[in-house]
Amino acid sequence: MSTISTFPTFNRHLHGPGPSDVHARILDAMAKPTIGHLDPKFIQLMDEIQQLTRYAFQTANKYTFPISAPASAGMEACFVNLLEPGDKAIVCINGVFGERMKQNIERCGAEAIVVADEWGKAVDAGKVEDALKQHPDAKLIAFVHAETSTGVKSDVKTLCEIAKKHDCLTLVDAVTSLAGCELVVDDWNIDVIYSGTQKCLSCPPGLSLLSFSDHAAELIKQRKHRVQSWFLDFNLLTQYWSSSDNQSAPRAYHHTAPINALFGLHEALVMLYETGLEQSWKNHELHAKALHQGLTALGLNYIVDENNRLPQLHVVS
């Protein structure tokens, strides 16, 4: 074997769909001395991360917390907790990540009812309503807000309104949309949502952010079958992330959290709070327009029509 020594650092400007460039403040935060996961200061950090995550999602949901795994695990955590064998779930597929949702549904032993749209097109609300009428027993409808594989944005507010009309839970993938374009969980009546750290938060990959409404949480607590994943079990995770102010149900040890990664997430969320969420959305719009002008001047064409195009992710040919 050749001699292996300290791995060198590289200066890269990241222009792909993620990870994005990590801000120096976040890197500095992650380089802080590691503390114990039971240290009172770490408990304080957990509380603050939950508060800041609620701000980022624009929700008052009690059950809002990160999990110690990337966004793909966040997606799986939502499905394995919400679905049981024999359940029926509607899944909207207009790109790669809708396909992954379908795989998660099937691995839970549930039936996936597919609403398909052309890649590069937004989810068709009319098709969704038709599917809900044809399958009134569907437990949830799952769709991607910002489809990373195509750069298209779907109308979450309208899709949630349709789902509520049919008394159906909504599960939203916000991995690429969080902090990059308008997203308001409570105002849009989103039941369950997940995101990641490596996109518009400019934080390294490795953590996922989740939020569950009280209604969704109650359904999970009434499950007939135990969640098949111990690590992603909502009931265990919420005991770990319960507020330190809750003396009747104090935090219960679940796993040793990635301390330094959470230092970085905290700093990223603080920076978002300092900037202001709406200003962050505006910043992405501003730079999207500038990039659009430059790319079209080079003769490149956008795949997605202007009305459904993401400001934070551009797909051109």
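This note covers the sheet of the model and the helices around it.

1. The model is predicted: local features need pLDDT of at least 70, side-chain atom pairs count only at pLDDT 80 or more, and totals for chains, interfaces and linings use all residues. Residues are numbered from 1 along each chain as its sequence is written, and side-chain values use heavy atoms, with hydrogens and water left out.

2. Seven strands build an open, mixed sheet in the order S1-S9-S8-S7-S4-S2-S3. Strands (E, at least two residues) and helices (H or I, at least four) are DSSP runs, numbered from the N terminus. Two strands pair if DSSP finds at least two bridges between them. S1 (63–67) and S3 are the edge strands, each pairing on one side only.

3. S2 (residues 88–93) and S3 (residues 111–116) run parallel, joined by six bridges. The chain passes from S2 through helix H4 (residues 96–107) to S3 in a right-handed β-α-β crossover: with the strands pointing away from the viewer, the path from the first strand over the helix to the second runs clockwise. Val-91 has Val-114 in S3 as its bridge partner.

4. S4 and S7 are also parallel, with five bridges. Ile-141 stands opposite Thr-170 in S7.

5. In helix H6 (residues 156–165), Val-156, Leu-159, Cys-160, Ile-162 and Ala-163 are buried (under 20% relative accessible area, 1.4 Å probe, protein chains only). They sit on the same side of H6, because they cover an arc of only 160° around the axis, taken from the directions from the helix axis to the C-beta atoms. The buried residues pack against helix H5 (125–134), S4 (140–144) and S7 (169–173), with contact meaning heavy atoms within 4.5 Å. Asp-167 follows H6 and has a positive phi, near 55°.

Conventions:
Buried < 20%, exposed > 50% of the residue type's maximum accessible area, 1.4 Å probe, protein only.
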